[in-house]
Amino acid sequence: SSGINAEYGSTTTFTCVVHSGQYPSSSPDVTKTMIMTTLTFGVTGVNAETESDTSAVVSCVINGLTQALDAVSWTDDSGSPLTSDTTNYVISAGSFSDSSHSQTTTLTVTAGVSTDTPYSCVVKSDEWIVTGHGTPVVLNVFAVTLDDETVVTASEQLLTCRITGISQAVLQGQLAEQVTVDMTSAHVF
């Protein structure tokens, strides 16, 4: 009914009572209760961060389902379809979860990339009459370099590594392009 104001996953109880107007002395009223769970279709892209040229996984979570998606594919930033192979990409449609009314599809970028790279998961759901619904996800990459240091074990040392390629990372409570690691409690062999 259009008068129901419900959110995703909310439940509303309806009661149907049947009473005979023609035969009032017949058996007692019949009461049936129905619980309706409201589902809303939605796709959420899950971005990932990884070190440059390292295998990584991005995903899309599709909510509001009562059955598995009819098709899943992935595209690059130009809209060209990606194919699942073990050299560059592995595509998984994922499995439908009846308990969460969702399905998670993944794209594993096996060869890794050296720059931030956008992709799109494209889903088809006959249940929701959705065809070719694309949702963007981004594989963000960074690089880690170490400053070579010669250290002695007799005194406290400070080793530094540089993390580059991070546009919005919060490290140790602040926006940082350089992170220092205190190795005083580390064991040196």
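Start by selecting Ser 102, which lies in strand 9 (strands are DSSP runs of E, at least two residues, numbered from the N terminus). Before going on, note that this is a predicted model, where local features need pLDDT of at least 70, side-chain atom pairs count only at pLDDT 80 or more, and totals for chains, interfaces and linings use all residues. Residues are numbered from 1 along each chain as its sequence is written, and side-chain values use heavy atoms, leaving out hydrogens and water.

Is Ser 102 buried or exposed? Ser 102 is buried, at 11% relative accessible area (buried is under 20%, exposed over 50%, partly exposed in between, with a 1.4 Å probe and protein chains only).

Leaving aside residues up to four places away in sequence, Ser 102 touches Ile 62, Asn 63, Leu 65, Ser 95, Phe 96 and Ser 97 (contact means heavy atoms within 4.5 Å).

Next, pick His 101, in the loop between strand 8 (96-97) and strand 9 (102-109). His 101 is partly exposed, at 21% relative accessibility, and has a positive phi near 55 degrees. Most residues other than glycine have a negative phi.

Finally, go to Asp 53, in the loop that links strand 4 (48-51) and strand 5 (56-63). Asp 53 also has a positive phi, near 60 degrees, and is exposed, with a relative accessible area of 54%.

Key: Helices (H or I, at least four residues) and strands (E, at least two) are DSSP runs, numbered from the N terminus.
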